[in-house]
Amino acid sequence: MIQLDNVQFGYAKNQLLFNGVTWHFEQGHFYGLLGRNGAGKTTLLKIMTGLLFPQNGEAKLEGMPSYKRTTKQLQNVYFLQEEIYVPHLKIKEFEDAYAPFYPDFSHEQFSEYLREFEMDNMLGFIDKFSHGQKKKVMIAFALATNVPLLIMDEPTNGLDIPSKSTFRKIMASYADEQKTVLISTHQVRDLHSLIDAVSIIDNGRMILNAPADVITDKLLFDIDNEKAQDGKVFYTEETPRGIYQVKENLNHVDSALDLELLFNAAVQNKKEFTELFQ
Amino acid sequence: MDFKSTQTIYRQIEHWVYEQILSGAWQPGERAKSVRELAVAFEVNPNTVMRSYEHLQNQEIITNKRGIGFFINEDAADKIRALRKKEFLEEEVPEFLKNMKLLGITMEEVVAMAK
């Protein structure tokens, strides 16, 4: 697996982007990494996969520092970047060239995913495809590698409406106890039904990292006509339907996790949330 | 305490299963749809469906047969009716009565409608 401990990193000499980020994962979850523009989500993913090196602290992949980039490490992780590079190859040629790097690559799954994305009859060169089409080929490939850790940066960007639904269906069938998926996204509405663990990075720190059931045990996502009187209210938002509120879950009532409300509540209550989710 | 929380996905799936059984679409003794099938159909995390199924199992509506899957219990429909009745009386009726009061609707008007 992968873990970050007390990672410090900055692009400019005297300006740290991360000031001690610690991030551990539980296997078999579908993590959503949320953060504002420029919070460093993509940078964090690059550090995890050994594409950037921490200035202090440690990033580990399969028990070794990520920067070592050994075969064993690289076989076990796939990082699908937001800006994808595709070589001048046809789909079949791409598969033949890149699949051998992944011992658990499934050619059947790759064909199946391409079919579901309606990309199975595309005979031309991938680099001539539209952005969305390229993305679908690369998502199909990433999933077919069957790596224990799959990292995707904004995977739904550029996908058309039916493809987003196909993506969710494929992801639902893909998830199992052995596989951990980590998705960095702003499109929380595209993925909220799949995400079952949330990580929020803000101001150089991980302010929340917890499974969804732990979050809904501690927080109540409520809609009501008036502001709550009892317990602590972390965030409110007035809408025509009523007042959306994120509050302390004093009576352990089950409520539906709303990622947008959670995000707004978290960035406004960094300290309280860090303590609440220790 | 008046909680009108939005319903969780796993509860929504649970209620969907109630409907399948009450309508007869899922028959007693039959195998329920697999966790994966439902997860794909609803585009949700399989862990969420698993949570619904575990809850349904605790309510003795379905039974897990190891390695084969979940099966609908013989008395599932009766169990669901009892649960739904309790929910209806404890949650929906008080809400209904509150709205009646708010709108000044009398019991006589409602009884007349029910006839």
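Let's start with one residue: A:Gln73 sits in helix 2 (residues 71-75) of chain A. Helices here are DSSP runs of H or I with at least four residues, strands are runs of E with at least two, and both are numbered from the N terminus. This is a predicted model, in which local features need pLDDT of at least 70 and side-chain atom pairs count only at pLDDT 80 or more, while totals for chains, interfaces and linings use all residues. Residues are numbered from 1 along each chain as its sequence is written, and chains are lettered from A and ligands numbered from 1 in the order in which they are written.

Back to A:Gln73, which counts as buried because it has 20 C-beta neighbours inside 10 Å. The cut-offs are these: 20 or more other C-beta atoms within 10 Å make a residue buried, 12 or fewer make it exposed, and anything in between is partly exposed, with C-beta atoms placed from the backbone. If you skip the neighbours within four places in sequence, A:Gln73 is in contact with A:Leu61, A:Glu62, A:Met64 and A:Lys68; contact means that the two C-beta atoms, placed from the backbone, lie within 7 Å. A:Lys60 is 13 residues away from A:Gln73 in sequence, and their C-alpha atoms are 9.6 Å apart.

Now for the sheets of chain A. Strands of a sheet pair through backbone hydrogen bonds, either parallel or antiparallel. In chain A, four strands make an open, antiparallel sheet in the order 2-1-4-5, where pairing takes at least two DSSP bridges between two strands. Strand 2 (18-24) and strand 5 (64-65) of chain A are at the edges with a single partner strand each, so one side of each has no neighbour in the sheet. Further in, strand 1 (residues 2-9) and strand 4 (residues 56-61) of chain A run antiparallel and are joined by five bridges; A:Gln8 stands opposite A:Asn56 there. Helix 1 (residues 41-48) of chain A lies across strand 1, strand 2 and strand 4 of chain A, at about 120° to strand 1. That angle is taken between N-to-C directions, from 0 to 180 degrees, using lines fitted to C-alpha atoms (for helices, over the stretch in contact).

Elsewhere in chain A, look at strand 7 (residues 149-153): five of its five residues are buried, so it is largely enclosed by the rest of the structure. A:Leu149, A:Ile151 and A:Asp153 are buried on one side, and A:Leu150 and A:Met152 on the other. Strand 7 of chain A pairs in the parallel sense with strand 6 (residues 77-80) over four bridges, and also with strand 8 (residues 180-184) over five bridges. From strand 7 of chain A, the chain passes through helix 6 to strand 8 in a right-handed β-α-β crossover; right-handed means that, with the strands pointing away from the viewer, the path from the first strand over the helix to the second runs clockwise.

That same helix 6 (161-174) of chain A takes us to chain B: the buried residues of helix 3 of chain B pack against it, together with helix 1 (9-22), helix 2 (35-42), strand 1 (62-65) and strand 2 (69-72) of chain B. Among those buried residues are B:Val49, B:Tyr53 and B:Leu56. After helix 3 of chain B comes B:Glu60, with a positive phi near 60°. Overall, chain B has five helices and two strands, following the pattern α-α-α-β-β-α-α along the sequence.
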